[in-house]
Every structure is written in structure tokens, then in C-alpha cells.
Amino acid sequence: MKHTKSLMVLAGAALGLSSVALSWQEPALTAQVSGVAVGHLLAAAHRLQDRTGNRVGFVQASSAEIFGRTSRVLQDETTPLRPLTPYGAAKAYAHHLVGVY
């Protein structure tokens, strides 16, 4: 953990399942590791922020899989999320959780 004047940076990595093919074989595991785990990390960051009174930043690595098939060549925050795989759905869940927190 690195402290700055008003921001605490909680450094860490969640090793998600990054294989679309494996997500079809292990959809529940993919959901837990690539989706639900992000919720646990966000809750921990929120508790740390409440406990210390310092702002805690969180960075979520996403994937183009959250968009599924889209007519847009470049995706951005306004591109609709339409995942077509268990991996894409898990990453979309994590993406929405970050927005909630």
C-alpha cells in the first residue's frame, strides 16, 4: 500500500480466467474468479477508505469481450455491453460493479 497526501493506492492483482474457451468449460469458476472476486476487492477497498478516511483508488482491467458483436470499430463508455461468452459476462459484471462503487 502506498500513501500519498489524500489517496491510498492499494496495489494488487486479481488473476482472472482470461480464456474464452475455458469459460465455456468452467462458467461458474469464470464467474467467481473474473466477476465476483472483483466485488470482494471493491468491498475491501471501500472498508479501507471508510476506516482510514483516505480516498482509495481502484483500477479494473476490462476486455472487449464485454461488448460482444458490435458495429462500432472502436468501443468506448457509450458502447452497449452485450457479452456473448461466460468470460464476457463475468467481465461485464465486474465492470458494472466498479460503476456501482
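In which element of the chain is confidence lowest, and in which is it highest? Confidence is lowest in strand β1 (residues 2–3), with a mean of 52, and highest in α3, at 95. The score here is pLDDT, the predictor's confidence in each residue, from 0 to 100. Over the chain the mean pLDDT is 86, and 84% of the residues reach 70 or more. Where pLDDT is low, the predicted coordinates should not be read in detail.

Two remarks on conventions. This is a predicted model, in which local features need pLDDT of at least 70 and side-chain atom pairs count only at pLDDT 80 or more, while totals for chains, interfaces and linings use all residues. Residues are numbered from 1 along each chain as its sequence is written, and side-chain values use heavy atoms, with hydrogens and water left out. Helices (H or I, at least four residues) and strands (E, at least two) are DSSP runs, numbered from the N terminus.

I turn to the helix pair. The axes of α2 (residues 27–52) and α3 come within 8 Å and cross at roughly 10 degrees; axes are lines fitted to C-alpha atoms over the stretch in contact, with angles from 0 to 180 degrees between N-to-C directions. Helix α2 is therefore roughly parallel to α3, a term for angles under 35 degrees. Contact, meaning heavy atoms within 4.5 Å, involves residues including Pro27, Thr30 and Leu42 of α2 and Pro86, Tyr87 and Val98 of α3. Its residues divide into twelve nonpolar, four polar and one charged; Ala, Val, Leu, Ile, Met, Phe, Trp, Tyr, Cys and Pro count as nonpolar, Asp, Glu, Lys and Arg as charged, and the others, Gly among them, as polar.

Glutamine 32 also belongs to α2. Its relative accessible area of 46% makes it partly exposed, that is, between buried (under 20%) and exposed (over 50%), with a 1.4 Å probe and protein chains only.

Next, serine 23, in helix α1 (residues 20–25). Serine 23 counts as buried because its relative accessibility is 0%. The side chain of serine 23 reaches the backbone oxygen of valine 20 at 2.6 Å and the backbone nitrogen of tyrosine 87 at 3.2 Å.

Finally, threonine 79 lies in the loop between β3 (55–57) and α3 (86–100). Is threonine 79 buried or exposed? At 4% relative accessibility, threonine 79 counts as buried. The side chain of threonine 79 makes a polar contact with that of arginine 72 at 3.0 Å; such a contact is a pair of N or O atoms within 3.5 Å, where, within protein, one must be able to donate a hydrogen and the other to accept it, and residues adjacent in sequence count only if both atoms are side-chain atoms.

Notes: Parallel < 35°, antiparallel > 145°, perpendicular 65-115°, else oblique.
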